[in-house]
Amino acid sequence: MKQKINKTLPSNRRDFVKKSLLISVAGVSGIGLLAGCKEENEEGEGQEVSPPEDLMQEHGLLKRVLLIYDHCRMQLVNKIQFPEEAIKNSANIIRTFVEDYHEKQEENYLFPRFRKANQLTGLVDVLYQQHQAGRRVTDEIMQLSGKSNRTDTETQKLIQLLYAFNTMYNPHEAREDTVLFPAFRKIVSKHEYDSLGEEFENNEHKLFGNDGFETMVNKVADIEKSLGIYELSQFTPQI
């Protein structure tokens with residue numbers, strides 16, 4: 001059963017990040033500092049999530065799917081039964097939200113600006129090539145995970161595909177988070193930087209609705225629960 005979105009939460013990530021920041025500042029520096037923070041007015045103006053922050057939050061969702069892939073791969077390797085629709089449902093999230101939306105944002109808005117500025121062009125080329133490779137791997141994962149009568153050879157192929165996807169995307173997203181995204185602010189004007197954040201959010205709402213990101217997070221959580229890997233405490237080492 002799909003987990004319901006908590007309606008008491010803000011309707012988008014920007015409001016959530018802003019309000020969380022204000023609460024943190026109040027706790028650390030005292031309530032007096034909040035007087036200097038501009039409150040959001042009726043037109044929705046105020047502190048916005050920057051383009052890199054927006055993309056990095058989406059990387060967090062991708063990371064959770066990579067953990068699902070890892071878990072399913074090990075179940076297949078050890079021949080342990082599990083709800084295999086978890087693989088297909090996860091691949092659908094990768095295709096719709098990560099590849100057809102998140103990566104398109106990077107390809108349409110970030111990569112061309114780095115090329116125009118002649119900055120990190122080698123990295124951008126590799127990242128783009130990996131996007132294309134990832135889509136080919138996802139095609140095959142979706143095909144094999146949807147088969148009810150896979151042969152042993154096909155199951156081994158699926159195991160290899162899950163491993164290949166994770167092996168590429170773990171360093172891929174880490175390099176974007178630590179090198180590409182921090183450098184983006186330096187190659188665009190403040191006005192362009194701010195307007196892109198708004199455009200990213202509008203694009204997300206057009207494709208997935210006002211709570212698109214939260215809906216995807218809930219879908220990932222449902223898959224985690226079906227596999228018994230939702231509770232974070234289970235990953236704490238007993239030392």
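Is N166 buried or exposed? In this predicted model, N166 has a relative accessibility of 4% and therefore counts as buried, the cut-off for that class being under 20%. The residue is placed in helix α5, and, when residues up to four places away in sequence are not counted, its contacts are with L66, Y69, D70 and P171. A polar contact of 3.3 Å joins the side chain of N166 to the side chain of D70.

The helix that carries N166 comprises residues 152–184, and because its 33 residues at 1.5 Å a residue should span 48 Å, the 46 Å between its end C-alpha atoms agrees with expectation.

Aromatic side chains were examined next. The model contains 9 aromatic pairs, one of which is formed by F97 and F208, whose rings are tilted, with 5.1 Å from centre to centre and 55° between the planes. Since F97 belongs to helix α3 (residues 85–116) and F208 to helix α6 (residues 190–208), this pair ties together parts of the chain that are 111 residues apart in sequence. The two partners fall into separate accessibility classes: F97 counts as buried because its relative accessibility is 0%, whereas F208, at 22%, counts as partly exposed. A further pair is that of Y109 and F200, which is edge-to-face because the ring planes lie at 65°, with the centres 5.3 Å apart. Here Y109 lies in helix α3 and F200 in helix α6, so that parts 91 residues apart in sequence are tied together by the pair. Y109 is buried on account of its 14% relative accessibility, and F200 is likewise classed as buried, with a relative accessible area of 0%. Ring pairs also link F97 and F208 with Y101 and F213 into a cluster.

Charged side chains are also found over aromatic rings. The charged end of R185 sits over the ring of Y193, at a distance of 4.6 Å from the ring centre, and K225 lies over the face of Y230, where the corresponding distance to the ring centre is 4.7 Å.

Note on methods
Residues numbered from 1 in each chain as written. Predicted model: local features only at pLDDT ≥ 70, side-chain atom pairs only at ≥ 80, totals over all residues. Heavy atoms only, no water. Helix = DSSP H or I, 4+ residues; strand = E, 2+ residues; numbered from the N terminus. Expected span 1.5 Å × (residues − 1). Phe/Tyr/Trp six-rings, centres within 6.5 Å; stacked < 30°, edge-to-face > 60°. Buried < 20%, exposed > 50% of the residue type's maximum accessible area, 1.4 Å probe, protein only. Lys NZ or Arg CZ within 6 Å of the ring centre and 35° of its normal. Contact = heavy atoms within 4.5 Å. Polar contact = N/O pair within 3.5 Å; in protein donor to acceptor, adjacent residues only side chain to side chain.
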